[in-house]
Amino acid sequence: MSLAFDPARITLCDTHFIAGVPVADRPEIAVVSPSTGAVLGRIPRADAAMADRAVEAARSALVCSNWGGCAPRDRLRALHRWADLIEAEADTLAALEAICSARPFVQARAGDVRITADQIRFFAECADKEGGTLAPVADSSFGYISDEPYGVIGAITPWNFPISMAGWKLGPALAAGNAVVLKPSEMTPYSTLYLAELSVRAGIPAGLVNVVLGDGPVTGTAITGHPDIAKVSFTGSTRAGAAIMENIARTGIKPMTLELGGKSPVLVFADADLDLAAECIDRGITANAGQVCVAGSRLIVAREVADALAAKLVARFAAHRPADTLATEAGFSPIISEAQLSRIDGIVQAATARGAELLCGGQRFDRAGSFYQPTLIAGAAADNPALREEIFGPVATFQTFDTEDEAMDLARHPTYGLCSGLFTRDLSRALRLSRRLEAGTVWVNRYGRSQDHILPTGGWKASGLGKDLGRDAYLANRRRKSVLIDL
Ligand code: NAD
């Protein structure tokens with residue numbers, strides 16, 4: 001297998017990035033390549049004092065640069081320059097992304113990096129186009145509703161799409177006039193650090209983008225509970241989201257956006273285009289080896305077409321070939337860590353031990369690195385953890401239904417409501433069921449995001465609070481004020 005670049009030529013930064021400069025700290029946490037198991041380096045675990053230093057840098061940068069009060073067009077221009085630089089540095093960013101994550105280098109370069117730049121441009125455009133409104137009040141008064149930046153936003157991101165997740169947080173927060181203290185996942189810190197460095201090179205004032213390295217319990221807790229962090233924006237597991245809510249309740253109330261886990265159903269009706277459904281379902285659970293919040297992990301299929309669809313899926317699943325994320329051609333992604341692979345395998349083995357049938361997969365690939373086979377499980381009983389828990393791996397369950405109501409019952413998850421997919425040629429059914437599905441996003445005859453950044457994303461129920469992307473994400477980084485003046 002040839003590599004897309006020489007990993008030895010990539011410099012892996014192991015320092016925080018505060019006030020526009022690297023800040024050294026004691027190296028504590030090993031960063032491991034999931035493709036090979038090699039330790040790539042060690043990063044520090046920022047304590048409360050380091051988090052405080054980053055927050056202070058952000059506050060002072062806001063004051064010195066007047067970022068929140070400048071002409072919005074100036075913010076827009078700076079963000080456009082940043083987006084251009086991100087595209088120009090796509091090779092380096094993709095390498096830093098791929099070396100420690102599950103993202104294949106070629107996909108990160110052609111996809112994640114370019115999309116991140118585009119999303120930053122989208123949010124830049126909000127800066128001088130979204131605004132307040134006049135309020136219809138009595139003639140004796142003058143009322144308006146304005147919105148203003150929060151100040152310092154605390155952002156925390158997961159490991160599954162490190163650069164995109166950083167872009168989702170930084171783009172709207174900066175466009176809306178805030179500064180950010182961001183903690184990337186301890187498993188995938190490198191691309192975020194370089195993204196921050198590029199922000200300064202693009203002319204965004206130093207100190208507006210600060211990256212502190214560390215884990216959730218120490219560093220994450222210090223950020224979310226910091227009194228000068230005005231708002232928290234988090235993407236990660238529902239478990240960590242709940243811990244953050246608890247910490248915020250304990251340390252002082254503040255607004256938060258939480259993008260959390262999912263267990264998304266994909267419904268296939270008998271009139272669906274089965275080849276299209278198979279292609280989309282395959283991509284929806286095997287992209288990034290299923291380590292996607294919106295992964296379509298519960299397949300709910302009309303009995304008449306169940307055997308035909310299962311056969312198509314088994315053939316597709318079996319065709320995936322694992323590859324090092326640095327390979328010149330994108331292959332099937334590794335699982336982020338051995339611990340996560342053991343968890344996935346544990347759920348699969350427990351599912352079959354409780355009577356479910358393995359249609360394919362169910363074990364790791366026989367090769368170096370943490371690679372797990374695409375897996376399809378049929379016949380799991382309602383209380384089987386494979387149907388209930390977010391597996392966050394390339395594992396889908398397969399259930400059948402006879403009636404539309406039965407399909408809806410199976411689709412409803414007791415806690416999650418992130419996303420749903422629906423395959424049918426019947427437009428009335430598509431519209432009717434899109435309304436009934438309990439999820440923040442419904443995809444019909446497709447499975448996966450488009451590049452229409454205008455569509456907000458976010459979960460219902462325990463899948464989250466608030467939205468990323470779209471105008472909603474920009475507005476979520478501003479706070480409303482009502483002004484009433486008696487004339
Ligand atoms: P995770 O919750 O373990 O970690 C996410 C981030 O939170 C990391 O940076 C981690 O260090 C930090 N963290 C952990 N505990 C914390 C705490 N108590 N306080 C503050 N920070 C804490 O999640 P992960 O394993 O990195 O990512 C996978 C999860 O993320 C999945 O559940 C997935 O569904 C979810 N996710 C959701 C979306 C979405 O848009 N809804 C997008 C991507 C990932």
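Contact here means heavy atoms within 4.5 Å, and the views below are all taken from a predicted model.

**View 1. Surroundings of leucine 309.** Setting aside residues up to four places away in sequence, leucine 309 is in contact with Val268, Leu274, Ala277, Ala278, Ile281, Val301 and Phe398. Leu309 and Phe398, together with Trp82, are the residues with the most contacts inside the largest nonpolar core, which has 131 residues.

**View 2. The nonpolar cores.** In the largest core, of 131 residues, helix 4 gives the most, with ten residues. At least three residues of this core come from each of domain 1 (7–260 + 464–486) and domain 2 (264–453).

**View 3. Packing of helix 2 against helix 4.** Helix 2 (residues 72–88) and helix 4 (residues 105–127) have axes that come within 8 Å and cross at roughly 175°; because angles over 145 degrees count as roughly antiparallel, the two helices are therefore roughly antiparallel to each other. Residues meeting across this pair include Leu76, Leu79, Trp82 and Ile86 in helix 2 and Val113, Ala117, Ile120 and Ala124 in helix 4. By class, the contact comprises eleven nonpolar, one polar and six charged residues.

**View 4. Positive phi at asparagine 445 and lysine 461.** Asparagine 445, in the loop between strand 19 (441–444) and strand 20 (460–461), has a phi near 55°, a positive value in a residue other than glycine, and its relative accessibility of 32% makes it partly exposed. Lysine 461, placed in strand 20, has a positive phi of about 50° although it is not a glycine, and with a relative accessible area of 35% lysine 461 is partly exposed.

Key
Residues numbered from 1 in each chain as written. Predicted model: local features only at pLDDT ≥ 70, side-chain atom pairs only at ≥ 80, totals over all residues. Heavy atoms only, no water. Axes fitted to C-alpha atoms, helices over the stretch in contact; angles between N-to-C directions. Helix = DSSP H or I, 4+ residues; strand = E, 2+ residues; numbered from the N terminus. Parallel < 35°, antiparallel > 145°, perpendicular 65-115°, else oblique. Nonpolar A, V, L, I, M, F, W, Y, C, P; charged D, E, K, R; others polar. Core = buried A, V, L, I, M, F, W, Y, C linked by side-chain atoms within 4.5 Å. Buried < 20%, exposed > 50% of the residue type's maximum accessible area, 1.4 Å probe, protein only. Domains from an automatic or database assignment.
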